[in-house]
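Good morning, everyone, and thank you for making the time.

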Amino acid sequence: MNEERYNRQTILKGFGVEGQQKLALAKVLVVGAGGLGAPVLTYLNAMGVGRIGIVDSDIVSLSNLHRQVIYGRSDIGQSKVIAALGKLKAQNPNNDIKVYNSFLSTKNALKIISEYDLVVDTSDNFPTRYLVNDTCVILKKPFVYGALHGFEGQVSVFNYQGGPTYRCLFPKMPNENEAPNCNEHGVLGILPGIIGNLQALETIKIIAGIGEVLSGKLLIFEALQQAYQKINFKLNPENLKIDRLQDYYEWNDPCSIVTTFDAKNMNKLLAEKAQIIDVRTNEEFENYHLPNSIHIPLSELESKMSKINFNLPVYLLCQSGKRSETAFRQLQSSYPKSSLFSILGGLNRYQISCS
């Protein structure tokens with residue numbers, strides 16, 4: 001261990017030389033070398049994680065550069081894992097970096113992940129997340145989750161010390177047409193940096209055994225208001241019984257998706273005085289809200305369901321549509337026969353349509 005290189009970490013009370021040694025011995029797999037992967041890889045490598053694996057088969061494009069800050073113009077057209085390898089080796093030549101120039105699949109997931117202590121999922125699609133989850137359950141490996149949607153990001157830790165899995169929070173995969181996609185909806189360049197660094201932080205905490213890990217907690221960050229909130233969720237023991245991978249991980253049929261209502265048509269709901277449940281934070285609601293909407297923060301939804309009339313259609317609203325999807329799933333599990341809708345695009349989409 002290079003004592004001078006890591007001096008500012010090893011003198012930190014509660015971390016010390018012991019924490020640094022744990023990093024040096026750790027083996028971490030990062031699935032995805034894009035917007036979230038760039039900060040995760042940069043900081044895990046800089047801080048001295050001894051072995052890092054990178055799985056990705058994509059190439060660098062010009063449209064990546066505003067957020068995938070590990071790459072530059074000279075990397076355009078190159079394999080992401082090869083380009084990242086060069087940058088990481090230049091940054092810290094002492095670490096062992098192994099690259100897999102392929103996407104994670106049912107053919108390689110068990111073999112690759114079995115070689116690592118934990119997985120950081122920085123992918124941008126649901127099939128990969130479910131594949132990572134099921135593989136980690138089978139192999140009893142924790143994984144650190146991160147996701148982006150509009151101006152929001154999410155972070156959590158799944159399958160940690162027998163804790164909840166990804167399927168405990170998101171039991172069923174959404175339909176492909178309903179899944180948020182940064183190619184269609186865009187992403188603010190700085191947001192992957194924030195969420196990726198939070199993922200890296202959770203990874204360091206797991207390895208070093210410090211702090212409180214985000215197990216059973218979903219951290220939601222809303223960039224425009226600099227607002228954080230945590231949502232608690234519980235383990236469904238059935239989700240720990242996975243003992244084999246599915247034959248394929250693809251998008252489910254439309255019957256399993258979140259039912260949505262386009263925010264562009266919100267004026268129709270307002271005219272009809274429909275039951276709109278705003279699940280944003282208190283600060284967001286006080287700053288701006290729709291007339292006659294009912295405010296129940298997502299963090300309080302489970303305890304305040306009595307405020308909702310489930311005999312009427314329920315329209316769930318947040319800033320971008322991400323939290324309303326989470327609220328949809330929570331309510332659907334308790335009231336499966338109710339008429340629920342997540343307002344697609346949320347207030348962001350509604351306000352743009354009104355401008």
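Let me begin with a definition: a residue is called buried under 20% relative accessible area, exposed over 50%, and partly exposed in between, with a 1.4 Å probe and protein chains only. This is a predicted model, in which local features need pLDDT of at least 70 and side-chain atom pairs count only at pLDDT 80 or more, while totals for chains, interfaces and linings use all residues. Residues are numbered from 1 along each chain as its sequence is written, and side-chain values use heavy atoms, with hydrogens and water left out.

With that in place, glutamine 161 is exposed, because its relative accessible area is 69%. Glutamine 161 also has a positive phi of about 50 degrees, although it is not a glycine. As for elements, helices (H or I, at least four residues) and strands (E, at least two) are DSSP runs, numbered from the N terminus, and glutamine 161 lies in the loop between E6 and helix H7 (166-169).

Asparagine 292 is another non-glycine residue with a positive phi, here of about 70 degrees. Asparagine 292 sits in the loop between helix H11 (282-287) and strand E11 (294-295), and it counts as exposed because its relative accessible area is 62%.

Now to the aromatic rings. A pair of aromatic rings is described by the distance of the centres and the angle of the planes. The rule used here pairs rings of Phe, Tyr and Trp (its six-membered ring) if their centres lie within 6.5 Å, and planes under 30 degrees apart count as stacked, over 60 as edge-to-face and the rest as tilted. By this rule there are 13 aromatic pairs. In one of them, phenylalanine 158 and phenylalanine 233 have ring centres 5.9 Å apart and planes at 50 degrees, so this pair is tilted.

What arrangement do tyrosine 315 and phenylalanine 341 form? Their pair is stacked, at 5.0 Å centre to centre and with 15 degrees between the planes. This pair, too, links distant parts of the chain, since tyrosine 315 belongs to strand E12 (residues 314-317) and phenylalanine 341 to strand E13 (residues 340-344), 26 residues apart. Tyrosine 315 and phenylalanine 341 are both buried.

Ring pairs also join Tyr130, Phe143, Tyr145, Phe158, Tyr166, Phe170 and Phe233 into a cluster.

In soluble globular proteins, nonpolar side chains tend to be buried together. A nonpolar core is here a set of buried Ala, Val, Leu, Ile, Met, Phe, Trp, Tyr and Cys residues joined through side-chain atoms within 4.5 Å. The largest such core has 46 residues, and Leu29, Leu104 and Leu331 have the most contacts inside it. Among the elements that each supply at least two residues of this core are strand E1 (27-31), helix H6 (126-139), E12 and H12. H6 gives the largest share of the core, five residues.

Finally, the second largest pocket. On a 1 Å grid over the protein atoms alone, a pocket is an open set of points where a 1.4 Å probe fits, with protein on both sides within 12 Å along at least five of seven lines, and lining residues have an atom within 4 Å of a point. Grid points are joined across faces, edges and corners, and a volume is the space filled by probe spheres set on the points. The second largest pocket has a volume of about 860 Å³. It is lined by 30 residues, of which Cys168, Leu169, Arg329, Gln330 and Ser333 are the closest to its centre. H7, E8 and helix H12 (322-334) are the elements that give two or more residues to this lining, and H12 gives the most, with seven residues.
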